[in-house]
Amino acid sequence: MARRGAQDDTTPMLFAGAGEPVPDHETAAEPPQTPADLGLFRVLRDDGTADPAHDPGLADADLVRLYEQMLLVRNLDTRCLRLQRQGRIAFYGTSTGQEAATVGSAWCIGPEDWLFPALREGGAALLRGMPVSRYIAQLMGNAHDEQKGHQQPMHFSFRGANHVSLSSPIATQVPQAVGAARAAQIRGDGRVVLGYLGDGATSEHDFHVGMTFAGVWKAPVVLFCQNNQWAISVPVRQQTASPTIAVKARGYGMPGVRVDGNDLLAVVAATRAAVERARAGHGPTFIEALTYRRQGHSSSDDPTRYRDAAEVEEWERKDPIDRMRRHLGVRGLWDDARESAANDAQNELISAAIQEAEKSAPPALETLVEDVYGAAPHALREQLDEVRPFFEEGRTAEGAFPL
Ligand SMILES: Cc1ncc(C[n+]2csc(CCOP(=O)(O)OP(=O)(O)O)c2C)c(N)n1
Ligand SMILES: [Mg+2]
């Protein structure tokens with residue numbers, strides 16, 4: 001069968017079938033092998049073993065490290081949502097249920113590579129070196145916040161690992177990631193860009209712009225869509241009539257892969273193959289990770305108003321951390337004692353970071369007008385002088401927080 005799209009002989013086996021015509025299951029004489037962009041790539045089996053044909057073969061120490069990172073994201077989410085409910089931070093959005101998709105994918109790029117996150121990839125910054133204290137400082141917008149309080153909570157950036165802050169308008173990071181990849185390609189610096197998006201982002205024009213140019217330029221980019229099946233209150237079936245999101249990649253001339261996003265090993269295998277493909281100069285890959293947003297869109301949202309509890313419970317049974325814990329158990333790498341020691345150590349670390357952040361001063365007032373222009377223009381300096389007495393009187397800017 002003639003191939004469509006921008007594949008070549010170097011396309012990893014994992015992507016076999018991506019770009020083939022969508023099979024017509026109704027009329028096909030024999031059921032064809034499901035193409036990668038229509039199927040669901042899995043490695044972890046329900047009994048905790050890994051499919052030997054696709055196991056990415058991580059070292060024991062890496063398996064444990066990635067598991068502990070997922071646990072850290074879960075513990076942070078629990079603690080930080082509580083901080084928001086107590087009025088100690090203004091806003092929070094958890095990634096509960098999506099830890100494997102975030103941690104597994106981010107692990108596949110190198111320290112020099114660039115990462116453009118969407119809404120739920122704070123765990124990627126932590127994995128790539130951002131201290132927990134910085135994470136909390138960002139939520140509080142204090143003097144230790146890398147962005148000096150300029151950004152809404154959850155907009156983490158970490159210069160130390162080329163982790164670029166999310167831009168709030170959905171999907172804008174797709175053309176940004178593709179543009180950065182194009183720059184790397186022109187410079188020939190060998191860097192790969194990992195850009196994230198949600199299922200809802202695929203309805204934005206920025207998605208199509210980014211995908212078009214990624215394909216045309218054969219840019220060294222991996223676009224990773226966390227299909228958590230909801231965009232606030234809009235279910236994915238209202239975003240698209242396409243059978244999968246991954247299959248959209250065909251229209252842009254790149255392979256698409258649909259992976260079980262709650263299966264850490266499958267996420268690693270798929271993303272690693274895509275990163276290697278990009279690094280070797282063979283162009284972009286689009287990955288759809290099928291997962292589920294188990295909690296509200298953010299601390300401002302009440303999901304019980306628009307979805308069934310039964311759906312949430314079904315996905316609780318597919319928890320990515322439980323699945324990986326089972327795998328570590330099968331391999332003799334984990335037990336209850338290690339689990340409780342890891343939870344205790346992480347919670348102590350988080351408590352210390354919260355205490356430190358709450359004692360920290362806010363950013364200096366001057367930072368209000370810094371870092372946008374090389375030198376703050378006259379008009380901004382005037383505005384700064386206008387607000388200075390307000391703060392010097394010790395007043396605070398309490399008000400309604402948007403979204
Ligand atoms: C252009 C734009 N429109 C609307 C919003 C409001 N908004 C914030 S998040 C969101 C849903 C995003 O859904 P998805 O892309 O699936 O990501 P998820 O929140 O599920 O991770 C919307 C509509 C926005 N930030 N930007
Ligand atoms: Mg979503």
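The model is a predicted one, where local features need pLDDT of at least 70 and side-chain atom pairs count only at pLDDT 80 or more, while totals for chains, interfaces and linings use all residues. Residues are numbered from 1 along each chain as its sequence is written, with chains lettered from A and ligands numbered from 1 in the order in which they are written.

Ligand 1 comes first. Its surroundings amount to 16 residues, with Ile170, Gly198, Gly200, Ala201 and Ala231 the closest; a residue counts here if its C-beta atom, placed from the backbone, lies within 6 Å of the molecule. The shell splits into seven nonpolar, six polar and three charged residues.

Helices (H or I, at least four residues) and strands (E, at least two) are DSSP runs, numbered from the N terminus. Ala201 counts as buried because it has 25 C-beta neighbours inside 10 Å; the cut-off for buried is 20 or more other C-beta atoms within 10 Å of a residue's own, exposed means 12 or fewer, and partly exposed is in between, with C-beta atoms placed from the backbone. Neighbours within four places in sequence aside, Ala201 is in contact with Ala118, Ile170, Ala171, Val174 and Phe207, contact being C-beta atoms, placed from the backbone, within 7 Å. Ala171, one of those partners, lies in the loop between α4 and α5 (173-187) and has a positive phi near 80° despite not being glycine. Most residues other than glycine have a negative phi. Ala171 is buried too, with 23 other C-beta atoms within 10 Å.

Lys218 is found in the loop between α6 and β3 (221-227), and it counts as partly exposed, since it has 18 C-beta neighbours inside 10 Å.

Now for the packing. The largest nonpolar core holds 94 residues, and Val193, Val221, Val222, Leu223, Ala270 and Ile287 touch the most other members. Such a core is a set of buried Ala, Val, Leu, Ile, Met, Phe, Trp, Tyr and Cys residues joined through C-beta atoms within 7 Å. Helix α7 supplies the largest share of this core, at eleven residues. Val221, for its part, touches Ala177, Val178, Ala181, Val193, Gly195, Ala214, Ala278 and Pro284, once residues up to four places away in sequence are left out.

Helix α7 (residues 264-279) also meets helix α2 (residues 99-106): their axes come within 8 Å and cross at roughly 35°. Axes are lines fitted to C-alpha atoms, for helices over the stretch in contact, and angles run from 0 to 180 degrees between N-to-C directions. On the α2 side the contact is made by Ala100, Ala101, Val103, Gly104 and Ser105, and on the α7 side by Leu264, Val267, Val268 and Thr271. That set divides into six nonpolar, three polar and no charged residues. Helix α2 is largely enclosed by the rest of the structure, because eight of its eight residues are buried.

Helix α4 (residues 132-140) is likewise largely enclosed by the rest of the structure, since seven of its nine residues are buried. Those are Arg134, Tyr135, Ile136, Ala137, Gln138, Leu139 and Met140, and their cover includes α1 (60-85), α3 (122-127) and α10 (336-359). Just after α4, Gly141 takes a positive phi of about 60°.

Asn162, in the loop between α4 and α5, is buried, as it has 20 C-beta neighbours inside 10 Å. Asn162 touches Asp113, Trp114 and Leu115, not counting residues up to four places away in sequence. Thr291 belongs to the loop between β7 (285-290) and α8 (309-316) and counts as buried, with 28 C-beta neighbours inside 10 Å. With residues up to four places away excluded, Thr291 touches Gly97, Gln98, Ala101, Gln226, Asn227, Asn228, Gly261 and Asn262.

Technical notes. Nonpolar A, V, L, I, M, F, W, Y, C, P; charged D, E, K, R; others polar. Contact = placed C-beta atoms within 7 Å.
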